[in-house]
Amino acid sequence: QIFNQHNAEAPNLEQASHRMAQMEPNLDHDVSWFLLPSYWAKMVVALISFLCFANSYDGDFVFDDSEAIINNKDLRAETPLGDLWYHDFWGSKLSSNTSHKSYRPLTVLTFRINYLFAGGFYPVGFHVINIILHCTISVLMVDVFSILLGGLQFSNKGRRLNLAPKSSLLAALLFAVHPVHTECVAGIVGRADLLCALFFLLSFLGYCKAFRENMVCFILTGKEGHTFSVFWVLVSVILGAIAMLCKEQGITILGLNAVFDALVINKINLLDLIRKLLYKDKSLENAGLLRKGLLFRITLLMCGGASILYIRWRIMGTGPPAFTEVDNPASFADSLFVRAINYNYYYSLNAWLLLCPWWLCFDWSMGCIPLIKSVSDWRIIALAALWFCLIGLICQALCSEDSHKRRILTLGLGFLIIPFLPASNLFFRVGFVIAERVIYLPSIGYCILFTYGFSLLSKQAKKKKTLAVAVLGILLINVMRCALRSSQWRSEEQLFRSALSVCPLNAKVHYNVGKNLADKGNQSAAIKYYREAVRLNPKYVHAMNNLGNILKERNELHEAEELLSLAVQIQPDFAAAWMNLGIVQNSLRRFEEAEQSYWTAIKHRKKYPDCYYNLGRLYADLNRHLDALNAWRNATVLKPEHSLAWNNMIILLDNTGNLAQAEAVGREALELIPNDHSLMFSLANVLGKSQKYKESEALFLKAIKANPNAASYHGNLAVLYHRWGNLDLAKKHYEVSLKLDPMAPGTKENYNLLRRKLEQLQKKGG
């Protein structure tokens, strides 16, 4: 009888839960959109989000990927795992003055795992993980939007109900296909934002689980429960901490959880609460804040957040990150008015990127957005438009008599603004003007507001299908834009060139295009872009350094010296420019100045193997052989795989008759770099002079196998055979050498000597 009674009551309880859910206004009533079962809705979102960014899977490492991944020693097995907790995102020590203080050890750990499983720096695995993460986040957004748009309700069995399936699907699709997310997904360093977003959402969903028992109690008894799970609140705090260890924005979820608790769980009217606080209304005691445990939960969230921030502060140190004026010019403005007005202009541009993500750029610094310096600047209109919209939305969120409208607008604004605060320059200076990646989380708020606006239009529109088709068109355009933008992120050449039309005043864009061309050997075109970068930003020392390098290689030494001298004058601690200036001065035979420049470079960068190498070349030119050997030895100590320094030591010792020492250095070098054919060649020459013909022959043949088109390798092997008396093989390799390089010095003379000798032997034999 008990069993039957239980079964008879269960449907009533299930119906009661749905009736309770229907008591509140439902956004889906006004939305003309597709209604799919939860499983199919998530499958559709996953598939479409995958299609948007699938073509980025086999892209290269581009832009910041080089520093964060390829040049980051924290990814290598030889770096202890414990070091990740004391290094920044780029592999520098957090205690260093040059550190950007971007503390993201868990993101770096995933890069390290990628590197380990791939067996090296192969970008495919890195890209695939990013795509999977975005698809997972987009699927989770279906659940998150169902709560934010439809409210938090559970069935009597504790299963969460989706009260806004159409609205949550639309919002999740908007999020999944937003083109501004391309940087996070197609750019590998965007992994930080993706991981942060994943744990950010899990923290929110975990916080919602804390109220499951309370909701079920209300369904079963009809009375509002006062219970909540402290366990799930603490889990939410831990997940928020994990989100912050992926990227700094993650900590903001704790604030959003508190806002959600106040608005959805406690149904607080913020305007009424503010009035009561201002007028010290005694009815505040009966507001239910203490009874429902809101203050206790907020205390837990605040204590958790404060503890996380304190630990992070202790690890990273008290010093602020070091940024330059070109990174964020508004933050260096002397006038508070100029700073404030430009910060607000940046906010309006971020909002515009959410509304119309057509003009996207990998970098918005260095003159891309000129400073607003007076109220007569027409761009002030953008600020006015932004605050007009924000104030209007805030007024509606606070003053509307419709509690459902107040809740959705407040949550939308909360998710739009709160995750953006770390990038707002309000609390500390950031190292960028605009960064599309930081809009990944705030776009959640945009999707809420867009969906709510669509529901209002649907409610008023007579032709709802036409409106739905228009929104479908927006989604389709965004999918196409994502695919196009993803293809631009596949290579640096496409990425940098795509920015020329968006930010033609950005010196860094021209610099990167020039660098990409220079790396491909197109120096003439590179010079053009480097000159434009310097014209746009006369203090751009990196562009001056690279341009000076190219001019040095083209033997335009005087202009190269002018550029490099200006670079070190602007930035006296620019070690690379000092070294390059020394190379130019050495070429101009101003040896004392060159030596001084090299030592200045080493003073500013203690571990600088390339500078020691060039210093050694200077000493060798001055016949200061011992100093040259010491400089090259320092280079190999700092960088054991420095092949050029090893080679020069072997050659100098060989040329000065120190064959035994040259042989010892050569063997030491080959132990460290066993596959370097140039070292094999140099050591083979030494062994040949020491009459160790067999060993010398083996090294020559090994070097030729590695580099068969080196004329000098065949020529010197021919000399070895000539000395050894193996004249036929000598003749063969002389001929190969002359075929590869008819002008090879000495080879033709040696070949003619050999031919005369062979002719003499034939005459004697005849």
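The model is predicted, so local features need pLDDT of at least 70 and side-chain atom pairs count only at pLDDT 80 or more, while totals for chains, interfaces and linings use all residues. Residues are numbered from 1 along each chain as its sequence is written, and side-chain values use heavy atoms, with hydrogens and water left out.

Student: How many helices does the protein have?

Tutor: Helices are DSSP runs of H or I with at least four residues, and strands are runs of E with at least two, numbered from the N terminus. The protein has zero strands, and its helices number 34.

Student: Is Glu 561 buried or exposed?

Tutor: Glu 561 has its place in helix α23, residues 557-570. Buried means under 20% relative accessible area, exposed over 50%, and partly exposed in between, with a 1.4 Å probe and protein chains only. The relative accessible area of Glu 561 is 13%, so this residue is buried.

Student: Which kind of aromatic pair do Phe 61 and Phe 121 form?

Tutor: Rings of Phe, Tyr and Trp (its six-membered ring) pair if their centres lie within 6.5 Å; planes under 30 degrees apart count as stacked, over 60 as edge-to-face and the rest as tilted. The centres of the rings of Phe 61 and Phe 121 are 6.5 Å apart and their planes lie at 80°, so the pair is edge-to-face.

Student: What is the relative accessible area of Phe 126?

Tutor: Phe 126 forms a tilted pair with Phe 111, at 6.2 Å centre to centre and 45° between the planes. Phe 126 is buried, and its relative accessible area is 0%.
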